[in-house]
Structure formats: C-alpha cells, structure tokens
Amino acid sequence: MASESNSDGTVAVSLPNREGNMNTKPPVWPLDASGTLTPPMVARCDRHDRQDGICCKDLKDDDNRTLIDPDIVRDVVIGLSDGLTVPFALAAGLSSLGTSRLVVAGGIAELIAGAISMGIGGFLASSAERDHYRFLRRHTSARVQRSCMGEMEREVCAVLGPVGVDEKTCQAVAKCLRDAEFDPEVSSPSDEEAQFLRWKNQVGLTPFLLKFGEGMEEISKRRVYISAMTIGLGYLVGGIIPLIPYFFVPQAHVALVYSCIVTGIVLLIFGAVKARVTGAGQGAGGYIWGAVSTLLVGGTAAAAAFALVGWLED
C-alpha cells in the first residue's frame, strides 16, 4: 500500500484495491471474544462452538416456505373472494329468469361496476388509514414534546414491561429514544421544525410509541395505489370465472351447472393456495380446511341468491 507526504506534513494513504475486497468475507467473532477490540454485534456468532460450524442465520426449519406480504395477501383475498362469490351468486339468481344472454349482460355490468367500486373502496380505506396514522403521529409527537422524562419512562415501560423488560432498562431505552428524537442543542423553533422533519418517520419516541404502543405504521403512497389495483383486479379476475360457461351455453339453467362446477373447483384451489401463502395450512388437514371453508362461503352465497330470486319469481 503506497503513501505520499503532502506539503503540510500529512500523509495520504491510498485505499485498498476495490477488486481485491470483493471476495473478502467479514470475520465472525465468537460470543466470548475478549481483547482490546470490541466486535460489532452483526459479526458475533456462536458458530465456532457448534459441531456443524453453521451460523444461526443459515439454519433452516422443516417448514421453510416463503410467505407473501400479508397486506398483498389480504387485498388479493378480498378481491378474489368477492369476485368469485358475488358475480357467481348474481349469475345463479339470474339463471332462473331467462337465457344466458341476460345473465352475461347483468354479470358483466355488475363485474365492471364491482371492480371499480372495490378498487375505489380499497384506495379510500388505505387513504383513511394513512390519514389516521398521520393524525396520531402529530398528536403523539406533541405529547412527547410537552411531557417530562418520567412520563415517557412510564409509557415506554408500559410497552416493554409486559414482554419482560425490567424498569431500569426501560428508563435507558426511553432516554436513548428521546435523545435520538430531540437534539439537546436545538434552541430555535426553526431548528425544532427541521429536527422533527428529519426524525419523524425513522427513530425516536414518537415512532416507537406508534409502532409498538399503538401497533401502527405509516402507509406509503405507493401502497395506497397498489392496494386499490390489487383489490380491483382481483375482483375482475375472480368475477369473470363464474360467467365463462354462459358465453358458450345458451340455456341458462344448463350453463349454471357448468358454472357451479367451474367455480367450485376454483374456490377449492383458491382456498388451498390461500392457506399456503398465509401460513395457515399445516399439513394436509390445513389445506383441506382452507379449500372447503372457501367453497362453503361461495356456495352459501350462491344458494341464497338463487333461492331468493326463485322465491320472488313465484
């Protein structure tokens, strides 16, 4: 490693070769490491004392499935389940009135209107939740600013105490979070506003109390639009499935039989897949229950609609 002296007496040391560091892995420190250097937390592991020499992060469970984001799963379930049941129930009800052409016309109209309505509903629901979080954030931040240290220690202890954190540690956590949110050197209102804008979404007592005390996190603007699109498209995809037989079979009562079979199979598959991606399915029994329960919901809705229309027709 070369070095050169400047005119002011300082020594400039050249950086290591970037290509030479590409394959260099960070060292792993044992848990009981001692010496003048304190190992970083991310580099400490008990792999040296394990017989297999495997790091804890590399250990795998028997059920090592990768779950999808629960918010995405929730929106997909809402859209597909409503799309499979509502148009199917409407088609079943209209099948007792006339031909397949009437069922297709009514089903498509309901499908388009329902997809738009579900998408807008998802957008408004996510926006309302986002606005609610921002209101609570302003309210909590103002409460943190005007409260004394003792009150903040009590609130932190109320959050961490039930999970086994002692009072002394809660006091240390409260002090650390308060110092992170409010710089002691802040003196003017403009500095306070800048400090609030810097830390409001990341660290400090306010995000801590909102996340762990209220169980709330901010919803991004991107998430609001994704939720609306996911619910709307899920309803559209799920709703077109019960109507497919009516495009090919002119007699509505015959097309209803095929629609029941197709929708029933899709409901079973959807229920099993939902149990898989949500982690609810534990073995074959979990997948069977997820499939059967989803089928029962859709079948009950369709039977109720068909019976109601038949009763009104009589």
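This is a predicted model: local features need pLDDT of at least 70, side-chain atom pairs count only at pLDDT 80 or more; totals for chains, interfaces and linings use all residues.
Residues are numbered from 1 along each chain as its sequence is written, and side-chain values use heavy atoms, with hydrogens and water left out. The structure holds seven salt bridges. A salt bridge is a side-chain nitrogen of Lys or Arg within 4 Å of a carboxyl oxygen of Asp or Glu.

**Confidence**

- The chain has a mean pLDDT of 75, and 68% of its residues reach 70 or more. The pLDDT is the predictor's confidence in each residue, from 0 to 100.
- Confidence is lowest in strand β2 (residues 11-13), at a mean of 42. It is highest in helix α7 (residues 221-248), at 90. Helices (H or I, at least four residues) and strands (E, at least two) are DSSP runs, numbered from the N terminus.
- Residues 1-14 have a pLDDT below 50, and this stretch has 15 contacts in the model beyond near neighbours in sequence. Contact means heavy atoms within 4.5 Å.
- Residues 186-190 also have a pLDDT below 50, with three contacts in the model beyond near neighbours in sequence.

**Helix packing**

- Helix α4 (residues 167-181) packs against helix α6 (residues 205-213) at an angle of about 125 degrees. Their axes are 8 Å apart. Axes are lines fitted to C-alpha atoms, for helices over the stretch in contact, and angles run from 0 to 180 degrees between N-to-C directions.
- The two helices, α4 and α6, are therefore oblique to each other. Angles under 35 degrees count as roughly parallel, over 145 as roughly antiparallel, 65 to 115 as roughly perpendicular and the rest as oblique.
- On the α4 side, A174, L177, R178 and E181 make the contact. They meet L205, T206, P207 and F208 in α6.

**Salt bridges**

- R74 pairs with D75, and their closest N and O atoms are 3.4 Å apart. R74 is partly exposed, with a relative accessible area of 38%, whereas D75 is buried at 1%. Buried means under 20% relative accessible area, exposed over 50%, and partly exposed in between (1.4 Å probe, protein chains only).
- R137 and E218 meet through their side chains in a salt bridge (3.1 Å, N to O). R137 lies in helix α2 and E218 in the loop between α6 and α7, so the pair ties together parts that are 81 residues apart in sequence. R137 is buried, at 7% relative accessible area, and E218 is partly exposed at 32%.
- R154 and E151 form a salt bridge too (2.9 Å, N to O). They sit three residues apart in helix α3 (residues 149-160), so about one helical turn separates them. R154 counts as exposed at 51%, and E151 as partly exposed at 27%.
- Salt bridges that share partners join R74, D75 and R223 into one network.

**Two single residues**

- E110 lies in helix α2 (residues 100-146). E110 is buried yet has no salt bridge. The nearest side chain of opposite charge, R101, is 18 Å away. For charge, Lys and Arg count as positive and Asp and Glu as negative; His and the chain ends are not counted.
- E110 touches V86, P87, L90 and Y235, leaving aside residues up to four places away in sequence.
- A172 lies in helix α4 and is partly exposed, at 47% relative accessibility. Its C-alpha atom is 9.8 Å from that of V156, which is 16 residues away along the chain.
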